[in-house]
Amino acid sequence: MSSSGGNRPRLAVLVSGRGRNLQALQAACADGRIEADLVRVISNQPDAPALQLARDAGIDALALPHRDFDSRADFDTALGAALREARPDIVALAGFMRILGAELVAEFQNRMLNIHPSLLPKYPGLETHQRAVQAADDEHGATVHFVNGDLDGGPCVIQGKLKTRPGEDVQSLASRVLQDIELKIYPQAVAWMARGELTCARGQAMFKGRPLPAPLSLEDLEASFR
Ligand code: GRF
């Protein structure tokens with residue numbers, strides 16, 4: 001991954017909520033597991049705890065309230081400008097709850113990742129844990145994928161699975177998916193991108209020089225991410 005300016009890839013993170021994924025990414029950058037500089041955090045929610053987390057870590061944190069814009073297109077224009085200003089080599093959506101327009105996705109495609117709390121292609125969209133509980137699925141999990149124009153639809157990179165427990169409630173399942181899976185697979189995926197081992201071209205994820213026909217799994221996690 002050739003970084004644009006400076007000698008390390010530049011990472012920007014988009015958030016909307018509590019920032020647990022941001023926190024995991026920031027910690028991995030701070031301890032060197034992700035060889036990139038976290039240069040900007042942007043949130044569409046001005047009071048998102050994730051923004052305060054970024055400020056407390058001394059990271060440039062920008063609130064871009066989507067309610068301040070007359071249209072989705074206007075918000076995307078402002079978001080695009082704020083991202084461009086950060087000159088990111090990698091953009092990570094981390095609990096970011098806005099659907100990005102095609103133009104913005106096209107500009108950052110192949111360097112934009114998202115984490116989604118389901119075993120994609122199962123359960124794109126919202127309420128994924130609720131849907132897994134209601135369907136009494138025996139396994140569930142989370143997926144890191146490249147962002148393309150489809151909602152939660154881009155090439156999958158890594159997926160973590162866990163066994164559900166009979167009678168487990170949605171909150172407990174969501175917490176296990178977050179703690180046991182999301183907070184491991186996302187820093188790992190960003191670390192691979194920062195080293196240039198994970199790329200995307202023409203809608204195909206490539207890992208260590210070979211096409212990735214199916215998502216990697218928890219077994220592929222490097223020791224420091226387990
Ligand atoms: C996470 O479960 C993530 O998968 C989803 O949003 C939830 C909260 O994310 N996209 P965070 O605490 O803001 O990182």
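Biologist: Which residue in β9 is the bridge partner of L198?
Modeller: F207 is the partner of L198 in β9. Keep in mind that this is a predicted model.

Biologist: How many bridges join β8 to β9, and do they run parallel or antiparallel?
Modeller: There are 4 bridges between β8 and β9, and the two strands run antiparallel. β9 covers residues 204–207.

Biologist: What is the strand order in that sheet?
Modeller: The order is β8-β9-β10. These 3 strands make an open sheet with antiparallel pairing.

Biologist: Which strands stand at the edges?
Modeller: β8 (198–201) and β10 (210–211) do. Each has a single partner strand, so one side of each lacks a neighbour in the sheet.

Biologist: And what holds strands of a sheet together in general?
Modeller: Strands pair through backbone hydrogen bonds, in a parallel or antiparallel way.

Biologist: Switching to the ligand. Where does it sit?
Modeller: The ligand is in the largest pocket.

Biologist: Which residues are around the ligand?
Modeller: G17, R18, G19, R20, N21, G95, I115, P117 and E182. By class, that shell has 4 polar, 3 charged and 2 nonpolar residues.

Biologist: Which side chains have an N or O atom 2.7 Å from a ligand oxygen?
Modeller: R20 is one of them, with a side-chain N or O atom 2.7 Å from an oxygen atom of the ligand. E182 is another, with a side-chain N or O atom also at 2.7 Å from a ligand oxygen.

Biologist: What about R18?
Modeller: There the backbone is involved: a polar backbone atom of R18 is 3.3 Å from an oxygen atom of the ligand.

Biologist: How much of the ligand does the protein bury?
Modeller: 85% of the 370 Å² that the ligand exposes when taken alone.

Biologist: Now backbone geometry. Is the peptide bond from L120 to P121 cis or trans?
Modeller: Cis, with omega near 10°. P121 is in the loop between β5 (112–116) and α5 (128–134).

Biologist: And what is the phi of R87?
Modeller: Positive, about 50°, although R87 is not a glycine. R87 lies in the loop between α3 (72–86) and β4 (90–93).

Methods
Residues are numbered from 1 along each chain as its sequence is written. This is a predicted model: local features need pLDDT of at least 70, side-chain atom pairs count only at pLDDT 80 or more; totals for chains, interfaces and linings use all residues. Side-chain values use heavy atoms; hydrogens and water are left out. A residue is near a molecule or strand if one of its heavy atoms lies within 4 Å of it. A polar contact is a pair of N or O atoms within 3.5 Å; within protein, one must be able to donate a hydrogen and the other to accept it, and residues adjacent in sequence count only if both atoms are side-chain atoms. Accessible areas come from the Shrake-Rupley method with a 1.4 Å probe; for residues, only the protein chains shown count as cover. On a 1 Å grid over the protein atoms alone, a cavity is a set of points where a 1.4 Å probe fits but cannot get out, and a pocket is an open set with protein on both sides within 12 Å along at least five of seven lines; lining residues have an atom within 4 Å of a point. A molecule sits in a cavity or pocket if more than half of its atoms lie within 2 Å of its grid points. Ala, Val, Leu, Ile, Met, Phe, Trp, Tyr, Cys and Pro count as nonpolar, Asp, Glu, Lys and Arg as charged, and the others, Gly among them, as polar. Two strands pair if DSSP finds at least two bridges between them.
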